[in-house]
Amino acid sequence: MPRITFIEHDDTEHTVEANAGQSLMQAAIENSVPGILADCGGYCNCATCHCYVDDMWAARIPPAKHAELDMLSGAIDANSNSRLGCQIRVTNELDGLVVRLPASQT
Ligand code: FES
């Protein structure tokens, strides 16, 4: 199972075992990771699953589509590493992925 590390804005780390095929957001919710709120349930309509993908991983994840970019354009503290956790599909190749969570999602 791919292991994903979520790092809260206060540097608290949560490493979880995810299932290939689920989204990063689902992996976080199933493991009660604080900082991923997922108010819309994964429909790319809230940006409360906002996360920052570490540089070394960004190139290994398919780029954001239009709807995701639209949501991120209105997200608090969005930057070039911003992604929506509900739009990133976990694969075995993402074993070891590290994402950071914004202070706005506490
Ligand atoms: S859960 Fe709402 S945009 Fe990802």
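I checked Met56 and found it exposed, at 54% relative accessibility (buried is under 20% relative accessible area, exposed over 50%, partly exposed in between, with a 1.4 Å probe and protein chains only). The model is predicted: local features need pLDDT of at least 70, side-chain atom pairs pLDDT 80 or more, while totals for chains, interfaces and linings use all residues. Numbering starts from 1 along each chain as its sequence is written, and side-chain values use heavy atoms, without hydrogens and water.

I placed Met56 in helix H2, residues 55-58 (helices are DSSP runs of H or I, at least four residues, and strands runs of E, at least two, numbered from the N terminus).

Next I went to H3, residues 66-73, where Glu68, Met71 and Leu72 are buried. They lie on the same side of H3, because their arc around the axis is only 100° (taken from the directions from the helix axis to the C-beta atoms). His66 and Ser73 are exposed on the face turned away from that buried side. I looked for the cover over the buried residues of H3 and found, among others, strand E3 (50-53) and strand E4 (82-84).

Technical notes. Contact = heavy atoms within 4.5 Å.
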